[in-house]
Amino acid sequence: MEWENQTFNPDFILMGIFNYTPTHIFLFSLVLGIFTMALLANTLMVLVIYLDTRLHTPMYFLLSQLSLMDLMVICTTVPKMAHSYLSGRKSISVAGCEAQIFLYVSLFGAECFLLAVMAYDRYVAICYPLQYHSLMNWKLCGLLAASSWFLGAFDGIVELAATLSFSYCGSREIAQFFCDVPALLHLSCTDTSTFETLIFICCVVMLLLPLSLIIISYTRVIITVIRMSSGEGRHKAFTTCTSHLIVVGMYYGAAMFIYMRPNSNRSPTQDKMVSTFYTILTPMLNPLIYSLRNKDVAKTFSKILGKRKFREQIG
């Protein structure tokens, strides 16, 4: 482990994305609002799906896993960013940086695979509705979800181990609001070309492979939907597919922009903006697009809320 032969200050400095002008104070408040909404929405989704036995199906189980991943992603980056901004202390320890890299990369990879699993689930449900319970049984669903977590963690370990092998002998100012691997590459005084090739290979596996499966699944789904005789069924299927594709487009598009560009073409400002989009905004949008617009979830939420109001009235 070569985090540099340091005797003065081994910590890194997170430069962040906000200063203390009125405009940036407003934007920081907006980010805190988005964080709060994402925290509440994803926590609510996990609880609703867990509490209502009618939602104990593979589709909703996968949705709960997505919400759990989004909840962990946004808690990995935003609290530290907010603490640094409010306290004025922008330093992060080596251990803290290691933890952020591992958690962020692991969750990012796990969500990539999980979105592909969710696309396969919708493909089976729409194209083979009569065989759905045999083709997407609980054993297979659990195995696919666990595989998503495992593959994400494996990617996190690989990238963390490679990052820890670098020497950092110059500036320790990270041009990001969290410890991101591409931002750390700029600080290394060792040759990172081999690691950049490794990142590209990981991106092919973690991004392009799942994305290919998603495109194939939804192509088959769209063909099946077009052939449907029921207008109501066609509308419902198109609505579901459109919602899922919006999430996929936002998530994969931003991720490929960050991780699949050559290091020479990077702009810290662009990286900060895009990272903000898919580490903060997407976790808030996912439960709104995927779940809270779902009638079954909305009914369950209304039922739970109604019971609470009733108890308050009689209590």
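How do the axes of H2 and helix H5 (residues 138-164) cross, and within what distance do they come? In this predicted model, the two axes come within 10 Å and cross at roughly 15°. Axes here are lines fitted to C-alpha atoms, for helices over the stretch in contact, and angles run from 0 to 180 degrees between N-to-C directions. H2 and H5 are therefore roughly parallel to each other (angles under 35 degrees count as roughly parallel, over 145 as roughly antiparallel, 65 to 115 as roughly perpendicular and the rest as oblique). The contact (heavy atoms within 4.5 Å) is made by Pro-58, Phe-61, Leu-62, Gln-65, Leu-68, Met-69 and Met-72 on the H2 side and by Trp-138, Cys-141, Ala-145 and Trp-149 on the H5 side. By class, 10 of these residues are nonpolar, 1 is polar and none is charged; Ala, Val, Leu, Ile, Met, Phe, Trp, Tyr, Cys and Pro count as nonpolar, Asp, Glu, Lys and Arg as charged, and the others, Gly among them, as polar.

Residues are numbered from 1 along each chain as its sequence is written. Because the model is predicted, local features need pLDDT of at least 70 and side-chain atom pairs count only at pLDDT 80 or more, while totals for chains, interfaces and linings use all residues; side-chain values use heavy atoms, with hydrogens and water left out.

The protein has 10 helices and 3 strands, taken as DSSP runs numbered from the N terminus (helices H or I, at least four residues; strands E, at least two). From the N terminus on, the order of elements is β-α-α-β-α-α-α-β-α-α-α-α-α. Of the 315 residues, 47% count as buried (under 20% relative accessible area, with exposed over 50% and partly exposed in between; 1.4 Å probe, protein chains only).

Ser-64 belongs to helix H2 (residues 58-87) and counts as buried because its relative accessibility is 9%. Leaving aside neighbours within four places in sequence, Ser-64 is in contact with Val-46 and Ile-49. Asp-155 is placed in helix H5 and counts as buried at 4% relative accessibility. With neighbours within four places again left aside, Asp-155 is in contact with Val-105, Cys-202 and Met-206.

The largest nonpolar core has 88 residues, and Phe-12, Ile-174 and Tyr-252 have the most contacts inside it. Such a core is a set of buried Ala, Val, Leu, Ile, Met, Phe, Trp, Tyr and Cys residues joined through side-chain atoms within 4.5 Å. Helix H3 (residues 94-127) gives the most to this core, with 18 residues.
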